[in-house]
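Work through the following exercises with the sequence and the coordinates at hand. Each task is followed by a solution in steps.

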Amino acid sequence: MKSQGVVRIGAGAGTSDDRMVPALELAERGNIDYLVFECLAERTVSRENLSRSKNPDQGYSPSLHARLRMVLPACMRNGVRIVSNMGAANPVGGARATRKEAADLGLGDVPVAVVLGDDVSSIVKHRPELRLMENGEPLESILPAMISANAYLGADVVCEALNTGAPIVLSGRVADPSLFLAPMMHEFGWAYDDLPKIAQGTAAGHLLECTASVTGGCFGWPGKKDVPDLARNGYPFADARADGSIVIGKTPDTGGRLDVMTCTEQLIYEIHDPTAYLTPDCTLDITGITLTQDESDRVRVEGARARPRTDTYKVSVGYADGYIGEGEVSYGGIDAVARAKWAAEVVKERLRLQGFKYEDFRVDLIGMSSLHGEPDTRPEPYEVRLRLAGRTRDRKAAHAIGFETRALHMHGPGGAGGACEPRVRDVLAVKSVLLPKNLVNAQVVVEGAL
Amino acid sequence: MSIRVYDLAHARAGDKGNTSNISVICYDARDWDFIERELTPQRVSEAFRHIAKGPVKRYPLRNLKAFNFVIENALGGGVTISLAQDIHGKSLSNVMLAIELPDRT
């Protein structure tokens, strides 16, 4: 049970492919006030921008329909407000789709507050001199191939959207922890200069942003780090109070585990300098944090510190960068590895003879050295799957990799089996720039009547 | 006799661009000093030499019984363009856990 003065914020998704049933469990019996769906990986907005350019009604997360169909009735029944970046490259389109889903479910006319302004492509287009954070080159070098440019907006504009009273808030790119901090700022009136509270809320958001990663997902190890009932692992929530105190919990009667060990792994996850985790809301320092097991499946978070937010937004620039082609085939039994290695040389030679060029090319022996390399020092497995992959500007060259790998059935060393169809995918690369915040016009519009 | 990082700590790998970060979290706080002495950035660089160009930086997190290793140029150019199967390098924590350290006794 939740106690008074506590706002409970649940994590319903940590990626667009995240499992959906645990979110429904949170909505139905997690006693939560907010349910946050974080559904945007680095490339997702680029991909959705391409969808939108083909169909102006699309460009929001395609998982929006299935997710909302599942959770909306329980959320509306229990007064749970939804916050999500599933708007992706088309938050207004996503809001319209959301309202249609609600109407189709018999939930009536549901207004949706939409966060706009993360799409800064028209702004950065005129600033070719901006430096790419990854390599120091000017933005100009990738501008011709640019597909999208989105600023990681902060909790302030999401809080503004919550202030409208709309039961659902939909955004495009917003920093992951900010989605969770926003309901706390909204409920408790925290301002950005209230640094200890902003720090605690940001730390809580970071702990929740990967859902099950804090409740025993991506953690278990048989006999060493056991996770009870992993198949039914539940999603987490944060119990926040106005004074900035935070306790992480999870849906009752679900599987998984939530303890200091799982929280520590997630707290350090994807952090570089632990004294300077940059978000649009603050620069978080996690080195003073202590985690304490309050009771079973409840961990108290204390001691987060922060410095004020910077005056820039990080902007992800997505651009088309050629193609990746792949092929796979298997060898088994005596000398399986030797035949696979010979086959790889044959394919490379055939690609060379056809004049195909690759910016990067890779040979993997799956079952032996595909994850951690060093094929010449690993023990030989009974069977091995050969994988060849290359990146190129030429779609034909990309396709030829899988074509020639499949042809090993008839034209390679003896006993090749089970080749896959040739695979080709578009490369949507991402690089980053910093953009002064005062150039970005983050704003809220409401779809429907409040 | 040697022991492995695996015997003393657990780990998780994360990614940002072409950089991998791997936490090393002691089961027992009393092992923190030993790991600090033995699991140096040089030792980790050596273990990852065939995967990552580096450099490797280590950040102490004593409150959390942990260290954070930040390994640059580790992910085949980064998630969006990497030719690897494990584009995020999620499995790289297991390279860390397999590092052998001298026995304390």
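This is a predicted model: local features need pLDDT of at least 70, side-chain atom pairs count only at pLDDT 80 or more; totals for chains, interfaces and linings use all residues.

**Exercise 1. Compare the span of helix α8 of chain A with the expected one, and decide how far α8(A) is enclosed.**

Solution. Step 1: helix α8 covers residues 195-208 of chain A, 14 residues in total. Step 2: from first to last C-alpha the helix reaches 20 Å, close to the 20 Å expected at 1.5 Å a residue. Step 3: a residue is buried if 20 or more other C-beta atoms lie within 10 Å of its own. Step 4: of the 14 residues of α8(A), 13 are buried, so the helix is largely enclosed by the rest of the structure.

**Exercise 2. Is A:F180 buried or exposed, and which residues does A:F180 touch?**

Solution. Step 1: A:F180 belongs to helix α7 (residues 176-188) of chain A. Step 2: A:F180 counts as buried because it has 29 C-beta neighbours inside 10 Å. Step 3: not counting residues up to four places away in sequence, A:F180 touches A:I9, A:V36, A:A204, A:G205, A:L208 and A:A238.

**Exercise 3. Describe the side of chain B that touches chain A.**

Solution. Step 1: the contact takes 37 residues from chain A and 26 residues from chain B. Step 2: on the chain B side, β2 (9-16), β3 (19-26), β4 (56-61) and β5 (66-71) each supply at least two residues. Step 3: the largest share, 5 residues, comes from β2(B). Step 4: by type, the residues on this side of chain B are 11 nonpolar, 11 polar and 4 charged.

**Exercise 4. Check the radius of gyration of chain A against that of a compact globule.**

Solution. Step 1: for 450 residues, a compact globule would have a radius of gyration near 22 Å. Step 2: chain A has 24 Å, which agrees. Step 3: of its 450 residues, 52% count as buried.

Note on methods. Residues are numbered from 1 along each chain as its sequence is written. Chains are lettered from A and ligands numbered from 1 in the order in which they are written. Helices (H or I, at least four residues) and strands (E, at least two) are DSSP runs, numbered from the N terminus. A residue is buried if 20 or more other C-beta atoms lie within 10 Å of its own, exposed if 12 or fewer, and partly exposed in between; C-beta atoms are placed from the backbone. Two residues are in contact if their C-beta atoms, placed from the backbone, lie within 7 Å. Ala, Val, Leu, Ile, Met, Phe, Trp, Tyr, Cys and Pro count as nonpolar, Asp, Glu, Lys and Arg as charged, and the others, Gly among them, as polar. The expected span of a helix is 1.5 Å times one less than its number of residues. The radius of gyration is taken over C-alpha atoms; the globule rule is 2.2 Å times the number of residues to the power 0.38.
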